[in-house]
There are 2 protein chains.
Amino acid sequence: MARDWNDVLRDHGFRITPQRQLVLEAVNSLGHATPEALLTEVQKTASAVNLSTIYRTLEVLEQVGLVTHAHIGHGAPTYHSVDDEAHIHLVCDTCSVVTSIHADVAEVFVRLLREKAGFETDVAHVSVHGQCATCVDRQKLL
Amino acid sequence: MARDWNDVLRDHGFRITPQRQLVLEAVNSLGHATPEALLTEVQKTASAVNLSTIYRTLEVLEQVGLVTHAHIGHGAPTYHSVDDEAHIHLVCDTCSVVTSIHADVAEVFVRLLREKAGFETDVAHVSVHGQCATCVDRQKLL
DNA sequence: CTGACTGCAAAAGGTTTGCAAAAAG
DNA sequence: CTTTTTGCAAACCTTTTGCAGTCAG
């Protein structure tokens with residue numbers, strides 16, 4: 001596992017660079033991370049790395065299937081390793097907390113979309129907005 | 001119906017202005033629209049209206065519950081009338097086409113999220129990424 | 001060596017803000 | 001008249017791009 005990421009890149013005609021290795025490691029170690037957060041992490045090791053390199057690297061890594069991203073909230077997308085278990089992001093519009101839940105809960109939903117619309121859902125990319133348990137409870141008290 | 005939008009605003013302590021009326025009308029007539037698109041629409045009637053007014057107005061209209069927005073793709077959010085039937089956006093990551101499907105298909109999904117995570121889903125806000133029927137078919141041919 | 005990759009700086013896209021003038025109630 | 005709302009311009013933040021130098025293969 002630790003050695004085939006570079007094969008994946010090479011197989012797609014990309015070169016192996018320290019920057020790419022660092023970004024990939026940062027994605028793996030941070031779990032969920034915005035480009036900005038990845039930059040900070042990468043710069044702990046290599047302070048000269050530029051933000052635009054992060055973006056370009058993520059594009060490459062995503063293209064070869066080593067990472068994916070999901071759109072949470074308004075601002076920044078978050079990237080995570082493809083190795084991670086498929087999960088869905090639940091974004092609370094009240095308190096902005098993001099929780100994850102196993103993608104299994106979407107099984108029926110995904111099947112319905114396939115049957116009714118011929119749509120193949122990328123489960124990991126889904127982000128669901130609404131109100132988290134905590135905020136729902138808090139609201140009941142008022 | 002045509003007359004109570006201003007009551008809604010007033011009840012929340014907001015004032016009635018031509019700009020707010022025009023933005024609301026634009027949201028209703030365009031169905032799905034980005035702030036930029038709304039500006040263009042509004043300017044057909046009142047060319048002096050400014051983009052920042054559009055943003056501020058949308059914020060107010062959303063706050064009082066007359067419109068909502070959804071995050072489709074990377075770029076701009078799209079706003080629509082709350083009167084619209086609840087629907088889910090299916091975003092094709094291959095061809096970028098956005099289709100809508102009635103929110104009923106998410107019923108089981110929403111129930112599961114409520115039961116398993118206590119999460120109350122805002123169905124209309126969900127945008128689902130994946131591959132549309134057309135692109136799925138096209139890929140099979142290759 | 002040669003083309004892919006990087007750093008830098010500047011541009012672009014979308015959204016927000018401060019302020020003075022205009023309009024609503 | 002008082003307070004909100006607007007227009008304008010500038011600031012902001014995130015992402016993208018052009019270019020020249022650097023590095024991987």
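Me: Taking buried to mean under 20% relative accessible area, exposed over 50%, and partly exposed in between (1.4 Å probe, protein chains only), in which of these classes does B:Glu120 fall?

Reply: B:Glu120 counts as partly exposed, because its relative accessibility is 29%. Before going on, note that this is a predicted model, in which local features need pLDDT of at least 70 and side-chain atom pairs count only at pLDDT 80 or more, while totals for chains, interfaces and linings use all residues. Residues are numbered from 1 along each chain as its sequence is written, chains are lettered from A and ligands numbered from 1 in the order in which they are written, and side-chain values use heavy atoms, with hydrogens and water left out.

Me: Which side chain meets that of B:Glu120 in a salt bridge?

Reply: The criterion is a side-chain nitrogen of Lys or Arg within 4 Å of a carboxyl oxygen of Asp or Glu. In chain B, the side chain of B:Glu120 meets that of B:Arg114 in such a bridge, at 2.9 Å from N to O, and B:Arg114 is partly exposed, with 39% relative accessibility. In chain A, A:Glu120 forms a salt bridge with A:Arg114, where the closest N and O atoms are 2.9 Å apart; here A:Glu120 is partly exposed at 30% relative accessibility, and A:Arg114 is partly exposed at 41%. Over all chains the count by this rule is 8 salt bridges.

Me: And where do B:Glu115 and B:Arg111 lie, given that their side chains also meet in a salt bridge?

Reply: Helices (H or I, at least four residues) and strands (E, at least two) are DSSP runs, numbered from the N terminus. B:Glu115 and B:Arg111 both lie in helix 5 of chain B, 4 residues apart, which is about one turn of the helix. The N to O distance of their salt bridge is 3.8 Å. B:Glu115 counts as exposed, because its relative accessibility is 55%, whereas B:Arg111 is partly exposed, with a relative accessible area of 40%. For a sense of distance along the chain and through space, B:Arg111 and B:Val27 are 84 residues apart in sequence and 30 Å apart from C-alpha to C-alpha.

Me: How many residues does each chain bring to the contact between chain B and chain A?

Reply: Contact means heavy atoms within 4.5 Å, and on that basis 33 residues come from chain B and 33 residues from chain A. Buried area, the accessible area (1.4 Å probe) that two parts lose on being put together, summed over both, is about 2,600 Å² for chain B and chain A, with 76% of it on carbon and sulfur atoms. On the chain B side, B:Val105, B:Phe109 and B:Phe119 lose the most area to chain A, and together they account for 24% of what that side buries.

Me: How many salt bridges and how many residue pairs in polar contact are counted between chain B and chain A?

Reply: The count is 0 salt bridges between chain B and chain A. A polar contact is a pair of N or O atoms within 3.5 Å; within protein, one must be able to donate a hydrogen and the other to accept it, and residues adjacent in sequence count only if both atoms are side-chain atoms. Between chain B and chain A there are 6 residue pairs in polar contact, both residues being at pLDDT 80 or more. Several elements of chain B each supply at least two residues of the side that touches chain A, including strand 3 (87-92), strand 6 (127-131) and helix 6 (133-141), but helix 5 gives the most, with 6 residues.

Me: Which strands join across the two chains, and which residue of chain A stands opposite B:Glu120?

Reply: Two strands pair if DSSP finds at least two bridges between them. Here 2 bridges join strand 6 (residues 127-131) of chain A to strand 5 of chain B, and these strands run antiparallel. A:Gln131 stands opposite B:Glu120, which is in strand 5 of chain B.
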